[in-house]
Amino acid sequence: MTIARTCVSAILKAAIPLLFAIAPALANADTLADVAGRYRIDASSRIGFVVEQIGGGGISGDFKKFSGVFALNNGDISRSSIEFTLFPESVNTGQSRIENFLRSDAVFDAQNFPTVTFKSTHITQTSANTATIDGILTARGKSSPASFQASLATHDRNAIVFHVEGKVMRSRYGMDVGTPIYSNVVQFNMTIHGQRG
Amino acid sequence: MLRNDAESYGVVTILFHWIIAVIFLGQILLGYLMVRTGNYALQFSLFQWHKSLGFLILLLSGLRLLWRMVNPRPRMPDGISRIERAAAHAAHGFLYLALFVIPLTGWAVASSSPLQIPTYAFNLVVIPPLPLAISDQAEAFWTMSHAWLAYLSAIVATAHILAALHHHFWKRDAVLLRMLGARRPAPVRPHADPLRIANKDTRS
């Protein structure tokens, strides 16, 4: 009995840490193998943003028109990539005067610069289901590095959903109108729905 | 001399008058131009200046009123009819009131607008909105009130300026000069008679 107990105890002692050590790796490998591939960003995604204002509150809204693709690399997440385009003309805040202001040459100058683009340069995995996406954001004819944090929300065989957050300094793109009443930082909060294809 | 006396205005009253006058006229011009520019970025900036200067007028006018309450008022020059006296009082009363009511209606515009753009006077002080109904209709009402009161006050201010010039060039009394810092009333000059002026000059 004593010998048997000692044996079981020893096995458990060895197995439990081992289980903890390999579980994330297993999950990770499983996830990556499952989700690897090329995706098109679906229109059901939401590209939300908030610009805080002095004294509390701020301007929040989203962009209704956008497109993009991303490729998740099978073995090495850092070799994945994303390209994203949004159309500032489609900005939506629930207040037409603010939207017209944002479309005008005071902010996006949507007539002369109809798209805002983001192209990843480097993706770093930060945990089993999160990654930092570094890239170049181009708006209003100006390009500057930008960084976003992505976390995997859910996936099945043909679709995948990420939550993506990031802060962009609008002054870098010649859009600093209204500072310091309105923050220089645009906080993006996005839900990206990818469809395989 | 900082304080007023029975004959002349002190430096503080004179500074209040001219500083507020310059900002007030500047505000009417700014208000007229800012709603007519097609440049959104410039318009935003002009609106913020207009709001900041409006609050400065409100602050200065409050201090000016307090100063007026604790200072004597120089008497009016002789030979002013009752009608002129009444007209002067009415115009001054209106302009004083305008210095409070117009900034307050401007504050109401910013407070009632659905845009809810914060007021950050001179990028130094956050001024909270007045507790008013927020809607496009409320904003339109306050905007109209603000604009019409401003244009009405511009007319009264023009009458005030013309009256001052009338006193100076026609009646030749000290009304304008004492607001420019003349220490005591200038002598009455009924007509431009060089001999009389020369005679008077010998007095000083």
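Asn123(B) is found in the loop between strand S1 (119-121) and strand S2 (125-127) of chain B. Helices (H or I, at least four residues) and strands (E, at least two) are DSSP runs, numbered from the N terminus. The model is predicted: local features need pLDDT of at least 70, side-chain atom pairs count only at pLDDT 80 or more, and totals for chains, interfaces and linings use all residues. Residues are numbered from 1 along each chain as its sequence is written, and chains are lettered from A and ligands numbered from 1 in the order in which they are written.

Phi of Asn123(B) is near 55°, a positive value in a residue other than glycine. Asn123(B) is exposed, with 12 other C-beta atoms within 10 Å. A residue is called buried if 20 or more other C-beta atoms, placed from the backbone, lie within 10 Å of its own, exposed if 12 or fewer, and partly exposed in between. Arg172(B), too, has a positive phi, near 55°, and is not a glycine. The loop that holds Arg172(B) lies between helix H4 (136-171) and helix H5 (175-179) of chain B, and Arg172(B) is partly exposed, with 16 other C-beta atoms within 10 Å.

Chain B as a whole has six helices and two strands, in the order α-α-α-β-β-α-α-α from the N terminus on. Of its 204 residues, 18% count as buried. Two residues are in contact if their C-beta atoms, placed from the backbone, lie within 7 Å. Among contacts in chain B between residues at least 6 apart in sequence, 63% join residues at least 24 apart.

Chain B meets chain A through 12 residues, which are in contact with 15 residues of chain A. Helix H2 (residues 40-69) gives the most to this side of chain B, with four residues. By class, the side has nine nonpolar, three polar and no charged residues. Here Ala, Val, Leu, Ile, Met, Phe, Trp, Tyr, Cys and Pro count as nonpolar, Asp, Glu, Lys and Arg as charged, and the others, Gly among them, as polar.

A nonpolar core is a set of buried Ala, Val, Leu, Ile, Met, Phe, Trp, Tyr and Cys residues joined through C-beta atoms within 7 Å. The largest has 34 residues, and those touching the most other members include Phe66(A), Phe84(A) and Leu86(A). Beyond its neighbours within four places in sequence, Phe84(A) is in contact with Ile41(A), Phe66(A), Gly68(A), Thr117(A) and Phe118(A). A second, separate core of six residues includes Phe24(B), Leu53(B), Ile57(B) and Leu99(B).
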